[in-house]
Amino acid sequence: MPELPEVETIKENLKRFVINQTIISATVFWPNIIKRPEDVSEFKHLIAGQTIQDIRRKGKFLLFELDDLVLVSHLRMEGKYKVHLSEEPIDKHTHVLFRFENGEELRYRDVRKFGTMHVFAKGDELNHKPLNQLGPDPFDDAFTIVYLYQKLAKTDRVIKSVLLDQTVVAGLGNIYVDETLFKAAVHPLRKASTLTKHEAEAIWEAAIDTLQEAVTLGGTTIRSYVNSQGAMGMFQQRLLVYGQVDEPCQRCGEPIVKMSVGGRGTHVCIACQK
Ligand SMILES: [Zn+2]
């Protein structure tokens, strides 16, 4: 699943192709992708005639800013956007298609069909599901050390599960949580409430540093994820623990091990993550 840096990379790439494009019509081949409005014909009616002004991101969500609407899109496991010429054949995994005035098409392709789209009046998107359930994005001003420490102090859940919880912080997933906890030298099974202020600060700093570096490098290319231009993200060459089973820890030389935490494959150096 793309995490924050991959979605950020997708957003920046897409912006080059779709900003100021006017949607003349939309076609929906798989209606279950459209969650709001419930009626797909209303979705198509709302979208027609709107111009894409900007694309923003919150957590792992893409927010297409239209004239007076916002289209909130989550790619989930395999969703991908790509701009095509209208004469290019439409493959069976294309589920939503936006036709532009200039003859090009923005196509949403999703092999697993888990992706979602919601349309809201501009400004209303933060008041409803799914965005009203998200914690701050790690790059938001609201994501402070104090905020994180208070959240951690209140829960007995293990730290890895808390960092994966999108209501606490939006955008972290399995790869970047493992990297963050390694950098902060905190074991993923630590109960959040037992973490000191100093450890919370180390986690906060490691999360922001890791995500910033990954954004700069265009994200991580793992299995199905390549960005919308088919380019590979370069962050996988910087991974310290994720996918590094049996490799020596870069801090202490002990082999990295893989364990399961809350059902998620978790990479850890048990020698230096306390
Ligand atoms: Zn180590």
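**Note on the predicted structure**

1. Buried here means under 20% relative accessible area, while exposed means over 50% and partly exposed lies in between, with a 1.4 Å probe and protein chains only. Helices (H or I, at least four residues) and strands (E, at least two) are DSSP runs numbered from the N terminus.

2. The model is predicted: local features need pLDDT of at least 70, side-chain atom pairs count only at pLDDT 80 or more, and totals for chains, interfaces and linings use all residues. Residues are numbered from 1 along each chain as its sequence is written, and side-chain values use heavy atoms, with hydrogens and water left out.

3. The buried residues of α5 are Asn-174, Ile-175, Tyr-176, Val-177, Asp-178, Glu-179, Thr-180, Leu-181 and Phe-182. Their cover includes the helices α1 (4–18), α4 (159–164) and α6 (197–216), together with strand β11 (264–268). Just after α5, Ala-185 adopts a positive phi of about 60°.

4. Phe-182, one of the buried residues of α5, has Arg-251 over the face of its ring, at 4.1 Å from the ring centre. A charge sits over a ring if NZ of Lys or CZ of Arg is within 6 Å of the ring centre and within 35 degrees of the ring normal. Lys-113 likewise lies over the face of Trp-30, at 3.5 Å from the ring centre.

5. A zinc ion is coordinated by the SG atoms of Cys-249, Cys-252, Cys-269 and Cys-272, at 2.3 to 2.4 Å. Donors are N, O and S atoms within 2.8 Å of the metal (3.2 Å for Na, K and Ca); water is not among the atoms, so sites may look incomplete. The 4 donor atoms subtend angles of 99 to 125°, which makes the arrangement tetrahedral; four donors count as such if all angles lie between 85 and 135 degrees.

6. Along the sequence, the zinc donors follow the spacing C-x2-C-x16-C-x2-C. Cys-249, in the loop between α6 and β10 (257–261), and Cys-269, in the segment after β11, are 20 residues apart and link distant parts of the chain. Both of these cysteines, Cys-249 and Cys-269, are buried.

7. An unreviewed UniProt entry annotates residues 240–274 as "domain: FPG-type"; such annotations may be inferred rather than shown by experiment. In the model, this span of residues 240–274 is 0% helix and 29% strand, and its end C-alpha atoms lie 16 Å apart.

8. Glu-8 lies in helix α1 and is buried, with a relative accessible area of 14%. Leaving aside residues up to four places away in sequence, Glu-8 touches Arg-57 and Val-215, where contact means heavy atoms within 4.5 Å. Glu-65, in strand β4 (residues 61–65), counts as buried at 12% relative accessibility. With the same exclusion of residues up to four places away in sequence, the contacts of Glu-65 include Thr-51, Arg-56 and Lys-122.

9. The structure holds 5 aromatic pairs. The rings of Phe-143 and Tyr-147 have centres 6.3 Å apart and planes at 65°, so this pair is edge-to-face. Rings of Phe, Tyr and Trp (its six-membered ring) pair if their centres lie within 6.5 Å; planes under 30 degrees apart count as stacked, over 60 as edge-to-face and the rest as tilted. Phe-143 is buried at 4% relative accessible area, and Tyr-147 is buried at 19%. Phe-64, Tyr-81 and Tyr-108 form one aromatic cluster.

Key:
Four donors count as tetrahedral if all angles lie between 85 and 135 degrees; four count as square planar and six as octahedral if opposite donors are over 155 degrees apart and all others between 65 and 115; anything else is irregular.
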